[in-house]
Amino acid sequence: MEDTKRDRVIIKTSIIGILANLLLAAFKAVIGLASHSIAIVMDAVNNLSDAASSVITIIGTKLAGKEADRKHPFGYGRVEYLSAMIISVIVLYAGITSLTESVKKIITPEVPDYSVASLIIVAAAVVVKLILGRYVKGVGEKVNSDSLVNSGEDARLDSVISASTLVAALIFTFFHVSLEAWLGALISLVIIKAGIEMLRETISKILGERAEAQLVLDIKKTVTAFPGVQGAYDLVLNNYGPDRHTGSLHIEVPDTFTADDCDRLNREIQIAVYQKHDVLLTAIGVYSVNTRDPEAIALRNEIGKQVLAHEHVIQMHGFYYNKSSQSVRFDVIVSFDAPSRRAVLAKIEKELTQRYPDLTFQIALDTDYSEIGAEDLT
C-alpha cells in the first residue's frame with residue numbers, strides 16, 4: 001500500500017514537471033529564435049531535456065513497481081537507479097550539445113535583438129524553475145526518489161542559468177555588449193558538471209554503498225533490546241531499490257541457550273526488524289558467549305583490552321573460551337583505513353600467542369559492512 005502511494009506521488013510530481021518544462025521550452029524557443037539569442041535557445045533545449053527526464057522517471061517508477069518473479073526474486077526496485085542514471089546521461093548530453101552550439105556562435109557571432117516581452121518571459125521562467133526545482137527535489141527527498149531529486153536539482157540549476165541569461169540580455173540592452181555565446185558556453189559547462197556529478201552518485205548506488213548510519217544503529221538497537229542478546233554484529237544490508245533492503249547479522253547469546261531458544265529468538269528478531277525498519281533479515285548467525293565460567297569471562301576482558309589497543313581495530317566479538325581444548329576463538333574487525341588489515345591481524349595473533357603460549361587461537365578477520373565512523377553521526 002505504501003509503495004503504491006509513493007509511486008502515485010512520484011508520477012504526479014513528474015507530470016507537473018513535464019507540463020511546466022514543455023511550456024517553458026516553447027516560450028524560450030520562440031523568444032530565443034526571434035531575438036537570435038543562443039543562450040535562450042540552449043535554455044529551451046535544457047527544458048526539453050528536463051521534460052524527457054520526468055518521462056523517464058515515470059517509466060522507471062512503473063517498472064520498479066513490478067512484483068518479484070522467478071527470474072528476479074528480489075523485485076525490480078533497482079530500475080529506479082537505472083532511470084536516475086539515464087537522466088544523468090541526458091543532462092550530460094544536453095550540456096555537451098549546448099557547448100558545441102555555443103562555441104560555433106563564438107566563432108560566428110550573431111547580434112541578439114531583445115524585446116521587453118521576451119525579457120519579462122525569461123524573468124518569469126526564473127521564478128517558475130526555482131519554485132519547480134524546490135518542489136520536485138523536496139518531494140524526491142520525502143519519498144526517497146533519486147530520479148526526482150536529480151530532476152529537482154537540475155531545475156534549481158536551470159533557474160540560475162535563466163537568471164544569468166536575463167542578466168546578459170540586460171547588459172546587451174543597456175550597454176550593447178553581447179555576452180550571449182560566452183554565457184551559453186559557461187552554462188554548458190555548468191550543465192556538464194552537474195550531469196557528471198549525478199552520474200557518479202547514481203553509479204555509486206548501483207555498485208552498492210554502505211547502509212545509512214542511522215538505519216544501522218536503529219536495527220542494532222532493536223536487536224539488542226531482546227532479552228539474552230548481548231550484542232549485534234556483522235550487519236550486512238543489501239539494497240534492491242529505495243527503501244528495499246534484505247540483510248543478515250550475528251548475535252551474541254549465552255552459552256546456556258538451547259537450539260530451541262535460538263530458533264525462537266531469531267524468528268522474533270526477524271519479525272521486529274521487518275515491522276520497525278522494513279528490512280528483511282534473511283539470516284541470523286549465533287555467537288555463543290561464556291556466562292558460567294568466571295575464568296573465561298576474565299580472559300575475555302584481558303584479551304579484549306589487548307586487541308582493542310591496536311590501531312585500526314574497531315571491535316572484537318564472538319569470543320568463546322573452550323577450557324577442555326584450551327582454545328580461544330573470536331572475530332576482530334579492522335578498519336578499512338588500515339594500510340594492511342591482514343598485517344594487523346598477524347600482529348595480534350603473534351602477540352597473543354607469545355602472551356598465552358598454552359592457548360590455541362582461532363581469530364577471524366571480519367568485515368563490518370556497516371562500519372560507522374564519527375563523520376557518519378554528524
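Is T57 buried or exposed? In this predicted model, T57 counts as buried, because its relative accessibility is 1% and buried means under 20% relative accessible area.

T57 has its place in helix 2, which covers residues 38-64. When its neighbours within four places in sequence are left aside, T57 is in contact with I10, S14, I87, S147, L148 and S151. Among these, I87 also belongs to the helix 3 side of the contact between helix 3 and helix 5, while S147 and S151 belong to the helix 5 side.

Helix 3 (residues 79-107) and helix 5 (residues 146-175) pack with their axes 8 Å apart and at an angle of about 20 degrees, which means that helix 3 is roughly parallel to helix 5. Helix 3 contributes E80, Y81, S83, A84, I87, S88 and V91 to this contact, and helix 5 contributes D146, S147, N150, S151 and D154. By residue type, the contact of helix 3 with helix 5 divides into four nonpolar, five polar and three charged residues.

Three strands form an open sheet in the order 1-2-3, and their pairing is mixed. Strand 1 (231-239) and strand 3 (279-289) are the edge strands, each of them pairing on one side only. On average, and with direction ignored, neighbouring strands of this sheet are turned by 15 degrees against each other. Strand 1 and strand 2 (residues 245-254) run antiparallel and are joined by seven bridges; Y233, for instance, has H250 of strand 2 as its bridge partner. Helix 7 (residues 213-224) packs on the sheet, where it touches strand 1, strand 2 and strand 3, and its direction makes about 135 degrees with that of strand 1.

T291 lies in the loop that runs between strand 3 and helix 9 (294-308). With a relative accessible area of 32%, T291 is partly exposed. Not counting residues up to four places away in sequence, T291 touches Q230, P254, D255, T256 and I297. One of these, D255, is also joined to T291 by a polar contact between their side chains. The two distances computed for T291 are listed below.

| Pair | Kind of distance | Value |
|---|---|---|
| T291 and D255 | polar contact of side chains | 2.7 Å |
| T291 and Y320 | separation of C-alpha atoms | 9.8 Å |

Along the chain, T291 and Y320 are 29 residues apart.

Notes: Residues are numbered from 1 along each chain as its sequence is written. This is a predicted model: local features need pLDDT of at least 70, side-chain atom pairs count only at pLDDT 80 or more; totals for chains, interfaces and linings use all residues. Side-chain values use heavy atoms; hydrogens and water are left out. Two strands pair if DSSP finds at least two bridges between them. Helices (H or I, at least four residues) and strands (E, at least two) are DSSP runs, numbered from the N terminus. Axes are lines fitted to C-alpha atoms, for helices over the stretch in contact, and angles run from 0 to 180 degrees between N-to-C directions. Contact means heavy atoms within 4.5 Å. Buried means under 20% relative accessible area, exposed over 50%, partly exposed in between (1.4 Å probe, protein chains only). A polar contact is a pair of N or O atoms within 3.5 Å; within protein, one must be able to donate a hydrogen and the other to accept it, and residues adjacent in sequence count only if both atoms are side-chain atoms. Angles under 35 degrees count as roughly parallel, over 145 as roughly antiparallel, 65 to 115 as roughly perpendicular and the rest as oblique. Ala, Val, Leu, Ile, Met, Phe, Trp, Tyr, Cys and Pro count as nonpolar, Asp, Glu, Lys and Arg as charged, and the others, Gly among them, as polar.
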